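Subject: Structure for you to look at

Hello,

Here is the structure I said I would pass on. My notes on what turned up follow below.

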Amino acid sequence: MISCPGQTQWTESLLILLLMVEMLAGCPSKCICASDLLSCTNISLKELPGGLPATSTSLDFSHNCISLLNNNWLSRIPHLHTLRLSHNQVRWLPARAFHNATQLRHLDLSSNQLQSIHEELFLHLCSLEELLLYNNHIVYVEVAAFAHLGNIQKIYLSWNNLSTFSFSSMQNLTNPHLRTLDLSSNRFVELPVEEVSSLPMFIKSGLYLHNNPLTCSCALYTLFMGWKQRNFPSVMDFSKEHTCLYMGKHRALVRFLESQNGFNNCSVGLGHDTGLKVHVGRRIMVTCNTSLPQENTTYLWISPAYDFIFPPGNSNQSFKVHPNGSLEIQKAQPWNSGVYMCIAVNRRLSYNATHEVNVTVRFPKPEESFNTGLTTLLGCVVSLVLVFIYLYMTPCRCFRCCSKPPQTPSPPQESSAQSSILCGTPPASDGTNGRKVAVSRHVVFLEPIKERRAGKSLKILQRRSDSDSASSVFSDFPIVQT
């Protein structure tokens, strides 16, 4: 059979028309359908419409009056990746509400009337990356509610009525992709500080707990001040909103990240991290200390820049992961400083463990040319030697005058009077009675010459050595009077 060119063109046009009719027939009333997008916002819907287009990848039912979701209502939309149901009146969710949405990546249930979140609700959302649950009435979140969200990155639970939360359950996520966990503006009075401190670093840096009626304590102050020292965005971006109630009283509100009033006796640390120090350019081995056996255990490291380091290492070989989980930094550089986190996963035991290590890379200090203690000791010895030389070994310039008997002196000159005389060898005995002169040395101090109208006089200060000696030790030096 031979077909004419005009007939072929007419057939193609008919097929296109049928496809358009089928798409228009699947678009609910008052909604807008554009390619694979369906928007039914703000049209006062009280229930979900039926016959949704199977090709839809994005559904928007926000700002309506929907109060109920049916089980398996997404079974005929296999490629859906975005679902918006915010600003409705949904009070509870059936267990199989999202059972077939295995490709869903963005789910917005904010600004509804939800009161609890159970484990089976998100059981099959293995591709979900962002979950919005803020501005609801949630008072309870089951322990394993988010345990099966292997690719989850952001969870928003702010502006609810939560007073408790299982922080330890966040350690058992199958894949460490979570970067934001917003629990701000709830009703937390106390926090399990030990559970929060043991969370992996990438979760703590994005854990928002501000604007809660927390009771002031040293443990709480130490926790958040440690996060501030590490420049976590969760505390740096909302420093004024991090408050606590002194003695639990709402009138005594303390902004503990801006003032230390009341926390002067609290010590601030960086948690339970182990610290390692290394000089620039040196090699360092960081051990992954976990209780898991090495058999059937895989290891993953996260750098301070939140980069994943998989075995055997990174592309430029600056990091190397050994079979026992240890991380080797080949040539440490200053930008390698920070907190490294090791994640150990044992699939046979179905158990995960984490370990954090704080690595500090610093420049070596210049070596001192002399030892400080030795230099001080030598200085003391030299000083003592000089003192002994000055006291006992100073040469006498007029040794003869020290040994000659006293004579009638002539009036001294001004130049000789200004010089001080120290005899290192005093006379052995007194010429008068043969008694020995005291052997102790004495320093003679000469008083400056004073001019008078009648003339000049020289006064010599005398010091006696013994109380029983009647003669002066300076008897050899005659006193000149005018």
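Helices here are DSSP runs of H or I with at least four residues, numbered from the N terminus. Please keep in mind that this is a predicted model.

In helix α6, which covers residues 372-392, you will find Val381. Val381 is partly exposed, with a relative accessible area of 43%. It belongs to a nonpolar patch on the surface, together with Leu377, Val382, Val385, Leu386 and Ile389. The accessible area of these residues together is about 520 Å².

Now the interior. In soluble globular proteins, nonpolar side chains tend to be buried together. The largest nonpolar core in this model has 80 residues. Within it, the residues that touch the most other members are Phe61, Leu83, Phe98, Phe146 and Phe224. At least two residues of this core come from each of α3 (201-204), α4 (218-229), β16 (297-302) and β20 (338-346). The largest share, six residues, is supplied by α4. Another core, of 20 residues, lies apart from it, and its members include Phe319, Leu327, Tyr340 and Cys342.

One loop residue is also worth a note. Thr243 sits in the loop between α5 (233-236) and β12 (244-245). Is Thr243 buried or exposed? Its relative accessible area is 13%, and buried means under 20%, so Thr243 counts as buried. Leaving aside neighbours within four places in sequence, Thr243 is in contact with Asn212 and Leu214, and also with Leu253, Val254, Arg255 and Phe256.

Regards

Methods
Residues numbered from 1 in each chain as written. Predicted model: local features only at pLDDT ≥ 70, side-chain atom pairs only at ≥ 80, totals over all residues. Heavy atoms only, no water. Patch = residues over 30% accessible without salt bridge, like charges linked within 9 Å, V, L, I, M, F, W, Y side chains within 5 Å. Areas by Shrake-Rupley, 256 points an atom, 1.4 Å probe, with all protein chains shown as cover. Salt bridge = Lys/Arg side-chain N within 4 Å of Asp/Glu carboxyl O. Buried < 20%, exposed > 50% of the residue type's maximum accessible area, 1.4 Å probe, protein only. Core = buried A, V, L, I, M, F, W, Y, C linked by side-chain atoms within 4.5 Å. Contact = heavy atoms within 4.5 Å.
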